[in-house]
Amino acid sequence: MEIDINQPQGAGSSFDDERAGGLKAPARSKSLPLRALPSLTALQAFERTAAQLSFRRAARDLALSPSAISHQIRNLEDHFGVRLFARDGRTVRLTREGAHYLDSVKRGLSLLEEASRGLMHEGRGARRELRISALPIFMSTVLIPRLADFERRHPTLALRIQGTHDYADFEHGEVDLAIRLGREQASGLRLEPILEVRNLPVCAPSMGLTGLLSPLEISRHVLIQVTHQPQAWRDWFAAAGSPELRGADEIWFDSVSAALDAAEHGIGIALAPCPLIQARRGFGQTLTPVGEPSANADMLHLVLRSRHADSKWAVAFRKWLMESIAQTTQSSAPAAAQYS
């Protein structure tokens, strides 16, 4: 029979007494151990079990057996003399002590991972890889066109860029820098404002719309929506003084890039981030503005771990990024002046 947390059912498991309906607390030592720091393997087992709330999935993540994970957790609880996990039926959850300890463990493991990765690159003479998470339209209009310049200026750094609307996973060390809209804050992260953007209604010339339309005129057409920005059109109408207006119909896409592609094919009117849209290929020909930019602005932020803010690679990327943004917006300044 498979148990949710997949701990071994033989003697010696720290959860043996749960089968009898109770939870047996680890034995508390009367004297403190000489070393307070447990093994790295035990800490990794604890972090993965806490993240997955499953011994089986934690074992899969660490390429160990569920019994090995159970053994590490039992040793960790014996080491501290406290329960880190509690069992309730077929579920496992962190205790108050476990949840408090987890925050420190995650920070410590992340710091060790980062330091070890950097040292490995130095020792092997390899290029230091920077993992960047960015909104797809920012990636295509600002980052990609200037990657050759970054390579030339920073030959010891290599960029790995992912275009996504999902929030970056700093918690498990899967990204070094992210570029995001808004101020969704998380512990240990620094958000630095890099560019103010306003939503601009655009459509294909094939729709036969000329000049800048009023909010009422725009509402008579199909509005193209983005699932990650479900309030975008509602906010645009509200900022234009017409919060009661909606589109004649709407169609949804999972990214701004897809929404703009749909607009180029004459499907409806989309909202595009200005000034980034002016650097998009085809702007002014396959896509033209049909409304005023939103009176309300959103801010793009560079997101990184606070402890990395002054590192050499972060300083180098930040400087190049701000120069790239300036070049992108300046190159489209004549067009931007018409719609801002």
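Me: Which residue in β9 does V202 stand opposite?
Reply: In this predicted model, β6 and strand β9 (residues 270-274) pair in the antiparallel sense, with five bridges between them. Within β9, the residue opposite V202 is A270.

Me: Which residue in β10 does V202 stand opposite?
Reply: Strand β10 (residues 288-289) also pairs with β6 in the antiparallel sense, over two bridges. The residue of β10 that V202 stands opposite is P289.

Me: Which residue in β11 is the bridge partner of L195?
Reply: β6 and β11 are paired in the antiparallel sense, and eight bridges join them. In β11, the partner of L195 is L300.

Me: Why is β6 described as largely enclosed by the rest of the structure?
Reply: A residue counts as buried when its relative accessible area is under 20%. β6 is largely enclosed because, of its 15 residues, the number buried is 11.

Me: Which element gives the most to the lining of the largest pocket?
Reply: The largest pocket has a volume of about 660 Å³. Of its 27 lining residues, those closest to the centre are L181, N199, H228, Q229 and D298. At least two lining residues come from each of β5 (177-181), β6 (189-203), α8 (232-239) and β11 (298-305). The greatest contribution, four residues, is that of α8.

Me: How many charged residues does the lining of the largest pocket have?
Reply: Divided by class, the lining holds 14 nonpolar and eight polar residues. The number of charged residues is five.

Me: How many of the eight residues of helix α5 are buried?
Reply: Helix α5 (residues 136-143) is mostly covered. Its buried residues are P136, I137, F138, M139, T141, V142 and L143.

Definitions and conventions. Residues numbered from 1 in each chain as written. Predicted model: local features only at pLDDT ≥ 70, side-chain atom pairs only at ≥ 80, totals over all residues. Heavy atoms only, no water. Buried < 20%, exposed > 50% of the residue type's maximum accessible area, 1.4 Å probe, protein only. 1 Å grid on protein atoms, 1.4 Å probe; cavity = no way out; pocket = protein on both sides within 12 Å on 5 of 7 lines; lining within 4 Å. Points joined across faces, edges and corners; volume = space filled by probe spheres on them. Nonpolar A, V, L, I, M, F, W, Y, C, P; charged D, E, K, R; others polar. Pairing = 2+ DSSP bridges.
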